[in-house]
Amino acid sequence: MKSDLRLQLKAFRDRLDNKAEYDRKIAEQFITSPLFEEAETVLLYYSLGSEISTNEIFRVCLEKGKKVAFPVCLDKDGTMEFFTVRDEHDLAEGMYGIKAPAEGCPRLICDEKCLCAVPGLAFDRKGYRIGYGKGYYDRYLACFPGVSVGLCYDALLCEELPVNEYDIKVNYLITDKTTYNYNSKEDLKNG
């Protein structure tokens, strides 16, 4: 069931119009949020294909002197760690053809001042996501001490997604229209 849903969601996302404008709005909400201001370290993903771009967030992090980390998939069983980078030159092609920190970048030790941007094909109104099916982010977030923020196109915000006991919901969700707070079940701000 989830595999068919993934295919449908990815096809829908691939066909979205005005993607660049939506990406800009999501990045703007992210970098102007109190969550971003309070974070010392920002964990980003390197966007691929029709994923929401994190390029502007990365640029602003470097501009503001925030520590930035990207994930490295350590194996095909869902183990992932984040490593810090100084700039785009510290990124090289990693597993699955996704840019990741090059060898020699220091492994990040996370604390409560870390803010993790979480990708997904879609999110639901409870903060759960459907990803690509490998479970990397769910395994990582299960022990993550910081704050997680899903990034999602509003058009891909679902009423409810199928979840299992291993799925981890995000603390917040930013769409091109608004930010949702799943810690207290109320909107952080409206769009």
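Trainee: What volume does the largest pocket have, and what makes it a pocket in this predicted model?
Mentor: The volume is about 730 Å³. The space is called a pocket because its set of points is open, with protein on both sides within 12 Å along at least five of seven lines.

Trainee: Which residues are closest to the centre of the largest pocket?
Mentor: Of the 31 lining residues, R129, Y132, K134, Y136 and Y137 are the closest to the centre. α5 (136–141) is among the elements that supply at least two lining residues, along with α1 (2–14), β2 (67–73), β5 (99–101) and β8 (129–130). The largest share, four residues, comes from α5.

Trainee: How is the lining of the largest pocket divided by class?
Mentor: It has 17 nonpolar, five polar and nine charged residues.

Trainee: What is known of the second largest pocket?
Mentor: Its volume is about 170 Å³. Among its 13 lining residues, M80, E81, Y140, C143 and F144 lie nearest the centre. Both β3 (80–85) and α5 give at least two residues to this lining.

Trainee: Why is the space lined by R13, Y45 and E51, among others, called a cavity?
Mentor: A 1.4 Å probe fits there but cannot get out, so the space counts as a cavity and not as a pocket. The volume of this largest cavity is about 50 Å³, and the count of cavities of 30 Å³ or more comes to one.

Conventions: Residues numbered from 1 in each chain as written. Predicted model: local features only at pLDDT ≥ 70, side-chain atom pairs only at ≥ 80, totals over all residues. Heavy atoms only, no water. 1 Å grid on protein atoms, 1.4 Å probe; cavity = no way out; pocket = protein on both sides within 12 Å on 5 of 7 lines; lining within 4 Å. Points joined across faces, edges and corners; volume = space filled by probe spheres on them. Nonpolar A, V, L, I, M, F, W, Y, C, P; charged D, E, K, R; others polar.
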